[in-house]
Amino acid sequence: MACKNCGKDKKKTAKKTAKKTAKKTAKKTAKKEKHNLLYIMNPKCGWCKKADPVVEELIKDGYEITSLDITQPDQAERANEAKAKHNAQCGTPLFLDAETGNMACGFREKDVLEKWAKGEEMPAPAPRPERPQQGQQPNTGPQMHKLEYVWLDGNGTKNIRSKVRYVKMKPQQRLQPSLIPEWGFDGSSTNQSETENSDCVLKPVRVWQNNFESRQSPMATPNYYVLCEVMNSDGTPHESNARGKLIEAWANSNHREEQYIIGIEQEYTLVDPQTKKPLGWDKYENNTPPPQGEYYCGVGAEVNISRNIAEAHANMCISNDIKFEGFHPEVMLSQWEYQIGLCGPLDAADQLWMSRFLLQRIGERMNIAISYDPKPVEGDWNGSGAHINFSNKRMREDEDLGYINLLCASLQESHSEAIGAYGEGNDRRLTGKHETSSSDNFTWGESDRSASIRIPLSTVKEGRGHLEDRRPSANMDPYEALTYLISTVSNINREMLVTT
């Protein structure tokens, strides 16, 4: 039938339009089906490590993704060619379709990366801010800062809380706590106040630059983690503020003379966030893996689970200037340990809390929970501790074990006080088995991991050095634990001076 206005046959025109549409659709489909998916990464970057399991999951789902390590010259050359072809300005990690140019910059969750792998067009990354030209002065006016306030709640086993605010501040080479404004929070929601008088105050006391997010932010917004003490509305320390008690104990000790050095071995278990069962145990018959014996410092998929989390945590801590010493798999499957220190008591406690915060944030991104339970699995399995290695000036300088032996013997008198300060539920761990002493008895010995206090082999050989207190549980509050330890050792030293 011909059109009255133009005289063209409508049926023929409709057929031609349908053919053209079909051809266009076929071309688009063909283009989408042809992919060359690249995961461009740098193993020295913690964010790349965090993306590893997501990429592995996508590969298991059938997507062909090639990983290119930019620290390897041949792979870096291929990565740079693909980036240059599509003018990709992102750093690592970068997810780039070398065929179409479709890309996703930075760490992404699986649902986002799956869209990229399917060929769905990703939003273009924001342009990088222009750098000042040579001779041009950078903008030194107020700039937006992202501040994440971190504090401890009022529960028996203290939990970490945090919230974020954006504040315009003048850029600082090193941001000091005194320059960060105090903030408030609802203490009735954190077991720190009643609903009728719920306002609590967050007082900044330590600052760490969040180097990962600062690099990832498209506008280069300065990012900081702000450790806070909880204060009452009248400015006095809140009853849950154990940090203030450690400061007081430190001030009352002869710290200039004693010069304490602290190192902490933090153990933890990776668990399913819903079932609270150790990660990977559900793959074994009766949800129980083979007995412990092969897992400690084990290498290989059959004895090791989620090393990528421990690696990412180490990279994040080191990048953010946490005093991180090392890590390794522990005696139970899915159990790990890392070491913080060596530093003064207050610094060690602050560093440990911030390292726990970073570990939990990494687990949050991977949907894995971190358990500090002193006995995460009942039965013939090791518990989790947070051993405190400590020394003072005299311990490090005396050339025989006389003072160290006398100190160990004197610690027996305050054993029950120590158990009270060393964590909730610790009696389930301190049974006298699985490399622990009994919570009912105080013991000490050379190279003895079943003792309350172990005198390390290096200390025995040199006649001087440090001691390891093996009683603290993984969930201990380092402020409370070190308040006890510093106060007790300082009192013992005073008594020695009186008697000599």
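Contact here means heavy atoms within 4.5 Å. The structure is a predicted model, in which local features need pLDDT of at least 70 and side-chain atom pairs count only at pLDDT 80 or more, while totals for chains, interfaces and linings use all residues. Residues are numbered from 1 along each chain as its sequence is written, and side-chain values use heavy atoms, with hydrogens and water left out.

Of the 500 residues in the chain, 49% are buried (under 20% relative accessible area, with a 1.4 Å probe and protein chains only).

Turning to the fold, the chain comes to 14 helices and 17 strands (DSSP runs, H or I of at least four residues for helices and E of at least two for strands, numbered from the N terminus). Among contacts between residues at least 6 apart in sequence, 65% join residues at least 24 apart.

Helices α6 (residues 242-252) and α9 (residues 345-365) pack at an angle of about 160°, with axes 10 Å apart (lines fitted to C-alpha atoms over the stretch in contact, with angles from 0 to 180 degrees between N-to-C directions). That makes α6 roughly antiparallel to α9 (over 145 degrees). Arg-243, Leu-246, Ile-247 and Trp-250 in α6 meet Pro-345, Leu-346, Ala-349 and Asp-350 in α9.

Notes. Angles under 35 degrees count as roughly parallel, over 145 as roughly antiparallel, 65 to 115 as roughly perpendicular and the rest as oblique. Buried means under 20% relative accessible area, exposed over 50%, partly exposed in between (1.4 Å probe, protein chains only).
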